[in-house]
Every structure is written in structure tokens, then in C-alpha cells.
Amino acid sequence: MVVVVSAVLLQRRGTGPGEEGQERLAERTASDRGGERERPLELRSPGTGVAGVVGGDEFLGFLDGDEFTYVKEDLPPYLDSTSEPPPLFDGTTRLYTYYPCPFAQRVWIARNYKGLQDKIKLVPIDLKNRPAWYREKVYPENKVPSLEHNNKITGESLVLLKYLDDNFEGPKLLPNDHFKQQFAEELLAYTDTLNKIVYTSFKGDAAKEAGSAFDYLETALHKFEDGPFFLGQFSLVDIAYAPFVERFQIFLQDAWKYDITAGRPKLATWIEEVNKIDAYKHTKCDPEELIQTYKQRFLGQ
């Protein structure tokens, strides 16, 4: 079972929750579990969340201002051609997604990072057996991701990253710095180029043909020195690239023994740091499933 948590309801004072906060959390978890008290969550560094065990499940949370809030999330099952639609346009905000899709994963990460698990409901669509109502009543493009919000549907993952940042609370995904915003646009514009180069390389000698794309990322990561991410601090740019770099690293290593981080120290550090982001970690693909799918798709195996 995958468990994702948006945060923990406890006051933050100084560098940690303290005894009072731990007690409040213990009381909250005891109530949630019918009076069963277990080890309370423990504060990690800001940005990496909190962790603990309740009812045998590991919880992770996110810092939101001066408070932690948490909501356990069991991922809902797929809706397919036999499924009835949810009560559409009833005021509920819904993210229509497909868990293995890297484009949909972008928006899923942003939702988690901003702590919106209790405000944006995941509605996974089975892309191999899509319900007719999704095209007819929700999104005529018939693809994911799409967001149902304020009685309208918005699509396209990069558009949705900015939409979430502009229309919902939580940590900002884009800095106010004009130069960083300008560089962000350049990097977002390159995402399609990177994907085209790497996916095309899978049909040839990927170890030779994909290198330029990762060289671009290595160079971009030298732009700002105030953090390990593309804009220094974690942003929607990192969210845009992470799902694809994740897949490329796995498949290139398995099929061609090609290490995308070799000779690219900045990229290696970026991958390491992104993997510390709880909002991302719980959206990652299954490596074995990815390898099998990509071998069938690109190598005919």
C-alpha cells in the first residue's frame, strides 16, 4: 500500500515540535486510531517533512508556514470503461491522472508539495481502458493530466504547474526573482526537446545520442549557486524534469549500462536532492515495470 501524507497538525516552535506538539499529535493519532497510541511523528529539516509510525503505517508530512498538517492518503483505484463518473462539477476539485504517466506525475508532485492532498482529489483514469464519459463530459482531449476546478477543466502538465501555484495555497513553486523566472521559462521550453532527444535515442545508440540532453541539464544546474536545484531552490522547473529524468536514468542504465550522472556532478547532486523531496518520492514509478514497458515499447522485447 502506498501512503502519502500532506502533513501533521502540530504547532512548530523553534527548531522542532517539542513535547507539547508531540503530545498533541499523539492525542490526534490516538483519536484517529480508536484510542491506540503509537510513536508520534518526528520533525525533519524543513522541506523534507516529518516522519513517524501510526498504526503500522509510515507517515510523511510537509512544512506549511508555522504549522504541520497531515492527512493520510490511500491512492484510489483506477476508473475504467465500466466505472460510473464521479459527481462532476459539484464543487470538488479533481486531478484526473494515471499513476505511471510522467506528465501527470508532474502535477501530482506539485499537489503534494503544496500540501493540497485534502483539497485536490486524485481521480486515476485507466488509459488502457478509458471510460467514455471522460472524453464526453470531462476532457475532450481524452488524456491526462486534467484538473477540474471552479467548474472548468484545465489540461497540459506545464500549464497546470503554474495554475496550481497561482490558484492554491502552499509553498510557492516559482521565485519572485525576475532573472530566475526568465531562466525558468527557458528551461521549461527545453523539456520537450530533452524528451525528444532521449526517446529518439532509444531507437538507436542511446549511450551516444542522448548525451547532449543531459549535458544541457548539467550546464543549467551551474546557473545559480544558492542551492542544488535549477533555480537554486526547489521549484516547478525541478518538478517538470524529475519524472522524465527518473525514467531515463533507470532505462538507460538497464538497457545500455549508461550512467547519465557520469562526468556530470551537478546532475548527480540534483538527482540525489530531488529524491529527498517527500512530495516526489511517493509518486515515483516502479523501476521493474518501467523497464519492462520501455523494452516492449522501444526495443520490441
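Guide: Thr-261 sits in the loop that links helix H8 to helix H9. Helices (H or I, at least four residues) and strands (E, at least two) are DSSP runs, numbered from the N terminus. This is a predicted model, in which local features need pLDDT of at least 70 and side-chain atom pairs count only at pLDDT 80 or more, while totals for chains, interfaces and linings use all residues. Residues are numbered from 1 along each chain as its sequence is written, and side-chain values use heavy atoms, with hydrogens and water left out.

Is Thr-261 buried or exposed? Its relative accessible area is 18%, so it counts as buried (under 20%; exposed is over 50%, partly exposed in between, with a 1.4 Å probe and protein chains only). Leaving aside neighbours within four places in sequence, Thr-261 is in contact (heavy atoms within 4.5 Å) with Gln-249, Ala-268 and Ile-271.

Trp-270, not counting residues up to four places away in sequence, touches Leu-221, Pro-228, Phe-229, Phe-230, Asp-238, Tyr-241, Ala-242 and Val-245.

With a relative accessible area of 8%, Val-144 is buried. Its contacts beyond four places in sequence are Tyr-96, Thr-97, Tyr-98, Cys-101, Ala-104, Ile-125, Leu-127 and Tyr-134. Leu-127 is 17 residues from Val-144 in sequence, and their C-alpha atoms are 8.6 Å apart.

Next comes a strand. In S9 (residues 94-97), Arg-94 and Tyr-96 point one way, Leu-95 and Thr-97 the other, and all are buried. S9 runs parallel to strand S10 (residues 121-124), joined by four bridges (strands pair if DSSP finds at least two bridges between them). Tyr-96 faces Val-123 in S10.

The last part is a space. The largest pocket holds about 990 Å³. On a 1 Å grid over the protein atoms alone, a pocket is an open set of points where a 1.4 Å probe fits, with protein on both sides within 12 Å along at least five of seven lines, and lining residues have an atom within 4 Å of a point. Points are joined across faces, edges and corners, and the volume is the space filled by probe spheres set on them. Of the 36 lining residues, Tyr-98, Pro-100, Cys-101, Pro-102 and Arg-247 are closest to the centre. Helix H11 (287-298) is one of the elements that give two or more residues to the lining, and its seven residues are the largest share. The lining has 20 nonpolar, six polar and ten charged residues; Ala, Val, Leu, Ile, Met, Phe, Trp, Tyr, Cys and Pro count as nonpolar, Asp, Glu, Lys and Arg as charged, and the others, Gly among them, as polar.

For the whole protein, the count is eleven helices and twelve strands, and 49% of the 301 residues are buried.
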